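Me: I would like to learn how to read salt bridges in a model. Where should I start?

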Amino acid sequence: GERINPSMCQRAVSYLALSRLGLRLTDLESLLETEQITFQTLEFAQFVNYMNELFLLRADGRYDFLHKSLRQGLLRHMTATGMNLTEGHEKIVSHLESLPDDDIIQIQEITWESMQADDPYSFYHWLSHIWSCTGDEKAAAARDIAEKCREDEGLWIAGSMEGLWEMDYTERDRNQMLVMGAHFLAVQVCSRFGDSLQENRTKIRIGKAAVSNMERLAQENPSELNLLTLSESCRVLAGYYLKSDQPAERDQAVPLLEQGRRLMSQRLHRNPAPNDYLRLAEINVILSEIYCLRKDENSLQRAKEYGEAALQCQEDAPEEADEAYKLRMRLNSHMAIAQVCTVTRTPDSLHLAYSHTLSCTQELENLLAEDHRQTYLDMLGRIDTCLVGLCQNITDICGENLDEEALTHAIRARDLLEERMRYRNTPETRNGLASAWYVLGNAHRRFKDASHSREAVACLQKSTQLNQALEKELGTPASRNSQA
């Protein structure tokens with residue numbers, strides 16, 4: 001034990017404590033060199049061997065602590081003795097940036113370390129290249145950023161985005177950082193949050209920062225990419241506003257959607273990408289749904305126009321457009337039109353919209369049978385949502401004997417939602433399942449015999465139980481209703 005250099009080992013252990021999942025011997029050597037400390041690999045190996053009950057060696061070569069409590073205790077001690085932890089993270093960031101771009105530890109740790117170092121430059125510089133990473137690497141980065149946002153409700157992310165304008169970047173670098181960063185944060189990172197009101201407030205804060213900065217960037221440099229990113233950021237933030245429990249925030253959704261719609265419409269007259277038609281259809285569908293809820297004559301007319309515009313957009317989309325996205329927009333457009341017909345009590349139009357919706361559902365199920373990739377769950381979610389909508393449409397079709405058909409769709413929707421629960425047990429999915437049980441209960445009530453009556457009661461009880469659990473989980477009935 002006398003041959004072991006205690007100061008060298010102490011500094012190495014300090015860096016291990018600062019790291020998230022440990023460091024390799026080469027990492028420790030580089031870090032200690034910045035402090036003019038010679039790292040002796042053999043001595044450190046002897047130290048680790050002597051203290052073998054405290055350390056572990058990961059498969060990727062990183063040495064780490066065996067228990068989290070050891071790291072936490074060391075960090076408390078380092079803070080109490082006056083050590084600047086932020087400076088330590090800054091040194092780790094500098095080291096990671098010196099590594100080759102394909103170094104796995106750099107890829108896995110640079111995002112987390114740059115946030116701990118309070119280093120917006122390194123953070124956004126890395127995000128500007130995030131799209132060259134693999135899907136797993138992007139997902140890991142999004143997870144790390146989301147954890148930070150949960151700690152401070154998105155304050156660091158939003159503030160650091162604003163701070164990019166004060167830093168000494170070239171215009172090209174700042175443009176790339178903001179475009180890639182705004183989209184990744186507002187979409188990929190926020191998708192990691194749940195459906196509670198508190199987490200939705202964090203999504204709103206991040207979304208507002210993305211829109212604000214993209215507006216400023218688009219004004220300075222109205223490139224096609226900047227305008228597209230601004231349009232998409234407006235649509236995403238509007239979706240977060242619509243889930244707010246604050247009426248003033250919900251009211252901000254329509255102006256944002258109109259802004260996004262205007263920008264996307266302008267793109268269609270210049271040099272549109274194939275999916276731009278579908279992006280515009282998506283905005284039109286949301287606007288149709290919003291105006292339909294207002295139920296006054298003028299709003300219902302606008303809802304009908306937006307629904308029809310959405311349908312036209314997806315019909316105008318070229319063959320190169322994403323097949324599943326196009327089918328989804330056709331489905332959602334017909335459902336939006338059907339909802340307007342339900343409110344205006346126009347049976348013939350409603351029946352036509354119902355027929356189109358049923359056709360889209362069958363196409364989507366056929367596509368699902370051929371597609372076993374990542375889109376599976378999303379497509380499954382569209383089908384069960386559609387089937388619930390179909391049942392609701394049937395209830396409002398006057399003069400049609402469709403009781404058996406309504407029951408068939410309701411059972412299928414319930415089964416699909418229960419299947420999806422096995423893969424994605426989220427409040428949103430449980431909310432959908434509660435709606436499916438409610439619709440199934442109403443479908444049974446259309447029959448007058450005792451057997452169906454008992455089934456109706458059981459279904460409605462299950463719907464109520466799920467809704468009560470959601471109210472408790474999310475904090476308020478309003479938060480549940482906002483997911484619909």
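Predicted model: local features only at pLDDT ≥ 70, side-chain atom pairs only at ≥ 80, totals over all residues.

Me: Which residue does R62 form a salt bridge with?

Reply: The partner is E109, and the closest N and O atoms of the pair are 3.2 Å apart.

Me: Is E109 buried or exposed?

Reply: E109 is buried, at a relative accessible area of 6%.

Me: How many salt bridges does the structure hold?

Reply: The count is 21. The general idea is a distance test: a side-chain nitrogen of Lys or Arg has to be within 4 Å of a carboxyl oxygen of Asp or Glu.

Me: What does E199 pair with?

Reply: E199 forms a salt bridge with R150, with 3.1 Å between the closest N and O atoms. Helix α11 (residues 197-220) carries E199 and helix α8 (residues 135-152) carries R150, so this pair ties together parts that are 49 residues apart in sequence.

Me: How should I read the accessibility of these two residues?

Reply: Take each partner separately. E199 has a relative accessible area of 19% and is buried. R150 is at 39% relative accessibility, so R150 counts as partly exposed.

Me: Leaving aside neighbours within four places in sequence, which residues is E199 in contact with?

Reply: With that exclusion, the contacts of E199 are R150, F193 and G194. R150 is the salt-bridge partner already discussed.

Me: Which residue forms a salt bridge with E258?

Reply: That residue is R302, and the closest N and O atoms are 3.5 Å apart. E258 lies in helix α14 (residues 253-268) and R302 in helix α16 (residues 297-316), so the pair ties together parts that are 44 residues apart in sequence. R302 counts as partly exposed, at 29% relative accessibility.

Me: The cases so far were read as pairs. Which residues are linked in a network of salt bridges?

Reply: One such network links E224, E232, R235, R267, R270, D276, R279 and E282. Here the reading goes from the pair to the linked set.

Key: Residues numbered from 1 in each chain as written. Heavy atoms only, no water. Buried < 20%, exposed > 50% of the residue type's maximum accessible area, 1.4 Å probe, protein only. Helix = DSSP H or I, 4+ residues; strand = E, 2+ residues; numbered from the N terminus. Contact = heavy atoms within 4.5 Å.
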